[in-house]
Amino acid sequence: MSTVTSIFETQKLPVSFEIFPPKGDLTLTAARTMAAELAELAPSFISVTCSAGGSGNGSATPAIAAMISDEFDVPTVAHLTCINASSQSIADAIFDMRERGIENVLALRGDVVAGSEPSKAFSFAKDLIPVLADAGFCVGAAAYPEGHIACESDAASIEHLKMKQDAGASFLVTQLCFDNERIYRFMDAADRAGITLPITHGIMPFMSKDQISRMVFMCGASLPSAIIKLLAKYENDAEALKQAGIEYACGQLVDLAKHGVDGLHVYCMNKPEVARAAVAAVRAAGF
Ligand code: FAD
């Protein structure tokens with residue numbers, strides 16, 4: 001299999017997908033069905049989220065990541081959060097991921113889970129990164145084009161990002177953002193701060209008013225007026241709104257590709273049709 005670093009070195013414009021462990025008891029079986037469809041699109045890699053605190057099917061992340069690379073020959077990235085972790089639980093996770101042959105890990109702090117005990121060993125993602133890098137993984141980290149929602153300023157957010165590079169991260173994946181101009185400003189700021197890691201840009205299509213409101217409040221993404229107008233135009237037509245969301249995201253992806261970004265990462269929300277539309281748009285534009 002391939003490390004994400006080698007993918008950025010050898011592919012002109014890596015296009016990757018993010019999935020989450022499907023809900024329900026048959027998470028691995030459902031993930032296999034979905035992976036079969038996604039693999040047909042020949043993604044550069046697929047990343048698999050995990051839920052902080054081990055809620056949902058987060059504990060299935062390494063098994064799903066290993067299954068996709070073993071059975072479909074698609075490189076994978078397993079997400080790992082540390083907000084409630086101890087040194088021992090991270091050592092156990094490392095052991096498990098190594099046993100499964102996982103090479104790439106996205107090192108995350110995770111969101112604060114109400115009522116849970118914060119980690120004494122890992123305050124920030126930057127504390128987890130060197131542990132994973134020392135264990136031999138190719139380590140990625142999260143980046144925030146509009147600043148992290150809990151961070152006081154864009155400048156501080158960039159400083160914290162630089163700390164992740166200095167701690168040993170090898171690649172960066174950005175938070176969803178609906179405004180490419182913000183992304184380009186972020187790229188310039190990262191450049192000025194000496195951030196040299198490859199950055200792949202996360203784009204998520206909006207699917208409904210509820211979903212986009214959740215996203216905006218969860219991560220602080222700003223809503224361009226073009227999106228607000230689409231939400232108003234298709235207020236009473238859920239299917240047309242969904243299509244408009246996919247088209248908007250495809251437009252963002254093509255514009256990013258033309259801008260010469262390092263990579264494109266599609267938050268496909270476990271919907272192969274979203275991944276298919278994204279890949280078709282990027283390929284049709286000649287990338
Ligand atoms: P950190 O980099 O540790 O940052 C957390 C906060 O602390 C930020 O406000 C930051 O600015 C601040 N900070 C960082 N370093 C310092 C410092 N030295 N001093 C003071 N403040 C500091 N969540 C999940 O639960 N599961 C997932 O699978 C998942 N996948 C994600 C994938 C991507 C690409 C992204 C962008 C996010 C993902 N998240 C996931 C959400 C992520 O866990 C949250 O955004 C979380 O709140 C921050 O994680 P982080 O790794 O960026 O944290």
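This is a predicted model: local features need pLDDT of at least 70, side-chain atom pairs count only at pLDDT 80 or more; totals for chains, interfaces and linings use all residues.
Helix axes are lines fitted to C-alpha atoms, and the angle between two axes runs from 0 to 180 degrees between N-to-C directions.

Helix H2 spans residues 27–39, and helix H11 spans residues 272–284. Their axes come within 10 Å and cross at roughly 10°. Angles under 35 degrees count as roughly parallel, and H2 and H11 are therefore roughly parallel to each other. On the H2 side, the contact is made by Met-34, Glu-37 and Leu-38. These residues meet Pro-272, Ala-275 and Arg-276 in H11. The contact of H2 with H11 holds four nonpolar residues and two charged ones, with no polar residue.

Helix H7 covers residues 180–192, and helix H10 covers residues 238–259. The two pack at an angle of about 30°, and their axes are 11 Å apart. H7 and H10 are therefore roughly parallel to each other. The crossing of H7 past H10 is right-handed. From H7, the contact takes in Asn-180, Ile-183, Tyr-184 and Met-187. From H10, it takes in Gln-252, Asp-255, Leu-256 and His-259. The residues of this H7 and H10 contact divide into four nonpolar, three polar and one charged.

Helix H4 (residues 87–99) and helix H5 (residues 125–134) form another packed pair, with axes that come within 11 Å. Their axes cross at roughly 40°. H4 and H5 are therefore oblique to each other. This crossing of H4 and H5 is right-handed. Ile-90, Ile-94 and Met-97 are the H4 residues in the contact. Their partners in H5 are Leu-128, Val-131 and Leu-132. The contact of H4 with H5 consists of six nonpolar residues, with no polar and no charged ones.

The ligand site comes next. The ligand is surrounded by 24 residues. The closest are Cys-50, Asp-111, Tyr-144, His-148 and His-160. In His-148, a polar side-chain atom lies 2.7 Å from a ligand oxygen atom. For His-160, an N or O atom of the side chain is 2.7 Å from an oxygen atom of the ligand. For His-79, a polar side-chain atom lies 2.8 Å from an oxygen atom of the ligand.

Conventions:
Residues are numbered from 1 along each chain as its sequence is written. Side-chain values use heavy atoms; hydrogens and water are left out. Helices (H or I, at least four residues) and strands (E, at least two) are DSSP runs, numbered from the N terminus. Angles under 35 degrees count as roughly parallel, over 145 as roughly antiparallel, 65 to 115 as roughly perpendicular and the rest as oblique. A crossing is left-handed if the near helix is turned anticlockwise from the far one by less than a right angle, and right-handed if clockwise. Contact means heavy atoms within 4.5 Å. Ala, Val, Leu, Ile, Met, Phe, Trp, Tyr, Cys and Pro count as nonpolar, Asp, Glu, Lys and Arg as charged, and the others, Gly among them, as polar. A residue is near a molecule or strand if one of its heavy atoms lies within 4 Å of it. A polar contact is a pair of N or O atoms within 3.5 Å; within protein, one must be able to donate a hydrogen and the other to accept it, and residues adjacent in sequence count only if both atoms are side-chain atoms.
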